[in-house]
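Hi,

Here is the structure I said I would pass on.

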Amino acid sequence: MSAPHRTPDPPRAADPPQDTATDVVRWAVFSCVLVPVVLLWYGTSLAGAAGTALGLAAVTAVCRLLLRQSERGAARLLTDERALRRGRRHRTGTGAHRGARHTGGNTPVG
């Protein structure tokens, strides 16, 4: 007898959102440690491995700064967008109806 087919559970609101930028930075830091170790294992000089580690650390730091700046810009854009939508929703005006066709005042259509 087979088990009944079960659909996957939808994501819960209580689950925290994943911070992908932090994950990327963690992997980059891991690489900054792993790559020089592998280079030393395969016979590269200590100076060469240290130079590689410094280069990778510099690139990681710059990428981290750019990711954080991008996140702040995206958050700011989202906040501005929400404020604009909220402002439009509560605005009222005379004669402004959604989807209404305006003929241009009292001129006859014909």
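Below is what I found in it, going from the overall picture to single residues.

First, the ground rules. This is a predicted model, so local features need pLDDT of at least 70 and side-chain atom pairs count only at pLDDT 80 or more, while totals for chains, interfaces and linings use all residues. Residues are numbered from 1 along each chain as its sequence is written, and side-chain values use heavy atoms, with hydrogens and water left out.

The overall picture: the chain has two helices and zero strands. Of the 110 residues, 6% count as buried. For that word and its relatives, the cut-offs on relative accessible area are under 20% for buried and over 50% for exposed, with partly exposed in between (1.4 Å probe, protein chains only). The chain exposes about 10200 Å², and carbon and sulfur atoms supply 62% of that. The areas come from the Shrake-Rupley method with a 1.4 Å probe; for residues, only the protein chains shown count as cover.

Now the aromatics. Rings of Phe, Tyr and Trp (its six-membered ring) pair if their centres lie within 6.5 Å; planes under 30 degrees apart are stacked, over 60 edge-to-face, and the rest tilted. That rule gives one aromatic pair. The partners are W27 and F30, edge-to-face, at 5.7 Å centre to centre and with 90° between the planes. They sit three residues apart in helix 1 (residues 20-41), so about one helical turn separates them. W27 is exposed at 59% relative accessibility, and F30 is partly exposed at 43%.

W27 and F30 also belong to a nonpolar surface patch of about 810 Å², together with L34, V38, W41 and Y42. Patches take residues with over 30% relative accessible area and no salt bridge, joining like charges within 9 Å and nonpolar side chains (Val, Leu, Ile, Met, Phe, Trp, Tyr) within 5 Å. Y42 lies in the loop between helix 1 and helix 2, and is exposed, with a relative accessible area of 69%.

What does T60 touch beyond its neighbours within four places in sequence? It is in contact (heavy atoms within 4.5 Å) with A28, V29 and C32. T60 lies in helix 2 (residues 46-89) and is buried, with a relative accessible area of 14%. Its side chain also reaches the backbone oxygen of L56 at 2.8 Å.

Last, the charges. The structure holds two salt bridges, each being a side-chain nitrogen of Lys or Arg within 4 Å of a carboxyl oxygen of Asp or Glu. In helix 1, D23 and R26 are three residues apart, about one turn of the helix, and their closest N and O atoms are 4.0 Å apart. D23 is partly exposed at 31%, whereas R26 is exposed at 57%. The other bridge joins R68 and E71, with 2.9 Å between the closest N and O atoms. Those two residues lie in helix 2, again three residues apart, about one turn. R68 counts as partly exposed at 22% relative accessibility, and E71 as partly exposed at 31%.

Cheers

Terms used:
Helix = DSSP H or I, 4+ residues; strand = E, 2+ residues; numbered from the N terminus. Polar contact = N/O pair within 3.5 Å; in protein donor to acceptor, adjacent residues only side chain to side chain.
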